[in-house]
Amino acid sequence: MSAQAPAPGGPRQATCKPDSATKTPVAKSGNGSGAERLSLIGVKVNSALRAEIDEYAKAHGITRSRAAGQFLEIARETLRGREGVSTGKAEEILEALEGVRTVVELVGPPTFALVRLLAHWAIQSGGLKVSEDDLLAELRTVAGDEWEQAVSEADRDLHLPLKKARAEVRT
């Protein structure tokens, strides 16, 4: 950005030279370095954002212009990422998650109680030569391993169709 002298009695504003380069595709430089030719744009931002960009530039040892460019690239990626899930779909997903949470709250406590009772009764019968704490620890270890495997398989089964659907949308 280039700054012009403030008008008498007016605030100082950032300006840029009007050019048609802001609407043209990015061109590669002819020196063989592969560096992209950058286009100049003028932007007015509030002082808080300017200070944040300045801090980012200082922390990364780059110019304010480069820092602002990186901010814009991150914003572009974020906006494109938002395009993937509509508001209605997001609400549907949240409702489904709430349903899963409800089921886990209903099933979880009785499941843990059942495991504890089974371990207690197994020890009381006298057929096992281990303590109740050792049996519970073994049950938790085996259950944890089984749970991880089940979640991994479910995750894989869930994500394969989603990845295929995303690939079809992009093509």
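**Burial.** I began with accessibility: of the 171 residues in the protein chain, 5% count as buried. I kept in mind that this is a predicted model.

**Layout.** Next I listed the secondary structure and found four helices and two strands in the protein chain. Reading along the sequence, I wrote down the pattern β-β-α-α-α-α.

**Contacts along the chain.** I then looked up how far apart the contacting residues sit. Among contacts in the protein chain with a separation of 6 or more, 17% are between residues 24 or more positions apart.

**Confidence.** Before going into detail I checked pLDDT. The protein chain has a mean of 75, and 76% of its residues reach 70 or more. Where is confidence lowest, and where is it highest? I found the lowest in strand β2 (residues 14–15), with a mean of 40, and the highest in α1, at 93. Over residues 1–34 the pLDDT stays under 50. For that stretch the model has 36 contacts beyond four places in sequence, and I read them with that confidence in mind.

**Helix α1 against helix α2.** I turned to this pair next. Two packed helices are described by the angle between their axes and the distance between the axes, so I looked up both values. Helix α1 covers residues 47–60 and helix α2 residues 64–83; they pack at an angle of about 110°, with axes 8 Å apart. An angle from 65 to 115 degrees counts as roughly perpendicular, so α1 is roughly perpendicular to α2.

Which residues make the contact? On the α1 side I noted L49, R50, E52, I53, D54, Y56 and A57. On the α2 side I noted R64, A67, A68, Q70 and F71. Sorted by class, the contact of α1 with α2 has seven nonpolar, one polar and four charged residues.

**The aromatic pair.** I also searched for ring pairs, and the structure holds one aromatic pair. Its partners are Y56 and F71, at 5.3 Å centre to centre with 80° between the planes, which is edge-to-face. Y56 lies in helix α1 and F71 in helix α2, so the pair ties together parts that are 15 residues apart in sequence.

Key:
Residues numbered from 1 in each chain as written. Predicted model: local features only at pLDDT ≥ 70, side-chain atom pairs only at ≥ 80, totals over all residues. Heavy atoms only, no water. Axes fitted to C-alpha atoms, helices over the stretch in contact; angles between N-to-C directions. Parallel < 35°, antiparallel > 145°, perpendicular 65-115°, else oblique. Contact = heavy atoms within 4.5 Å. Nonpolar A, V, L, I, M, F, W, Y, C, P; charged D, E, K, R; others polar. Phe/Tyr/Trp six-rings, centres within 6.5 Å; stacked < 30°, edge-to-face > 60°. pLDDT = per-residue confidence, 0-100. Buried < 20%, exposed > 50% of the residue type's maximum accessible area, 1.4 Å probe, protein only.
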